[in-house]
Amino acid sequence: MFIDFETFRTRADKLRALMDEACVAVGRHPTEVQLMPVTKNHPVAAADYVVRYGLPVVGENRVQEAVEKRAASTGPLRWELIGHLQSNKARLAVQHFDRVQSVDSEKLLNHLDRAAGELGRTLPILLQINAGNDPAKFGAEPADAPRLLDAALAKPHLRVDGLMTIAPLGATPAETAGHARRTFANLRHIRDDLAARTGAPLRELSMGMTGDFALAIQAGSTLVRVGTALFGPRT
Ligand SMILES: *Cc1c(COP(=O)(O)O)cnc(C)c1O
């Protein structure tokens, strides 16, 4: 059985308090970091709880699942894609998502730009970078980030808001934390470099999940993507 709204509210209040604490500890203002609940693998009620709680956005990692939930959910909500996107689903993604965070190749940029043009819209995107050099993770290699960004900035129907990454897991909690610190510092460094080189602000740094959001906030995250801490384990 899925959690009830009061359970969600309690967890969200607690998570937000921990996020605010992490901000204050490094001299950041809590309003600098947004919470994006990740509703993947959970029923449409999860999205409805987010609306009722008063947050404006959710993350999903599969196109088809999100399309169905979005149709069934009520109330105003933005939907963002955070999972790997195949080029042949680009058009569907442009139709159903407010932003795509998982853009990791020029081929995908081409497909998204063409679809956005045909549908008469500008699609906000983030470039997903494999900033932890994790062989098991999607995302462009850091060395390819400059070329990918140049290609993205040249697209008339795309708007690049910033970068996204996922930190690799380690064999122990200490190793996982070490990977997270290194990955998040690296993404921020890549962003600062790219912003200085191109003049694009790239203000969004989407990094941090249930296990590592505090470390991500320390490193400059502007958006944490949290599922488990809010909705419980995924089945
Ligand atoms: C599932 C997922 C999350 C949320 O993970 P939790 O550990 O459950 O908070 C965040 N980002 C991405 C890209 C995901 O796929």
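The model is predicted, so local features need pLDDT of at least 70 and side-chain atom pairs count only at pLDDT 80 or more, while totals for chains, interfaces and linings use all residues. Residues are numbered from 1 along each chain as its sequence is written, and side-chain values use heavy atoms, leaving out hydrogens and water.

**Helix 1 and helix 2**

- Helix 1 (residues 5-25) and helix 2 (residues 44-53) pack with axes 10 Å apart, at an angle of about 60°; helices are DSSP runs (H or I, at least four residues) and strands are runs of E (at least two), numbered from the N terminus.
- Axes are lines fitted to C-alpha atoms, for helices over the stretch in contact, and angles run from 0 to 180 degrees between N-to-C directions.
- Helix 1 is therefore oblique to helix 2; angles under 35 degrees count as roughly parallel, over 145 as roughly antiparallel, 65 to 115 as roughly perpendicular and the rest as oblique.
- Phe5, Phe8, Arg9, Ala12 and Asp13 of helix 1 meet Tyr49, Val50, Arg52 and Tyr53 of helix 2 (contact means heavy atoms within 4.5 Å).

**Helix 6 and helix 7**

- The axes of helix 6 (residues 145-153) and helix 7 cross at roughly 50° and come within 11 Å.
- That angle makes helix 6 oblique to helix 7.
- Ala145, Pro146, Leu149, Asp150 and Leu153 in helix 6 meet Ile190, Leu194, Arg197 and Thr198 in helix 7.

**Largest pocket**

- A pocket is an open set of points on a 1 Å grid over the protein atoms alone, where a 1.4 Å probe fits, with protein on both sides within 12 Å along at least five of seven lines; lining residues have an atom within 4 Å of a point.
- The largest pocket is lined by 25 residues, and Lys40, Ile166, Met209, Arg225 and Arg234 lie nearest its centre.
- Helix 7 (173-198) and strand 8 (223-226) are the elements that give two or more residues to this lining.
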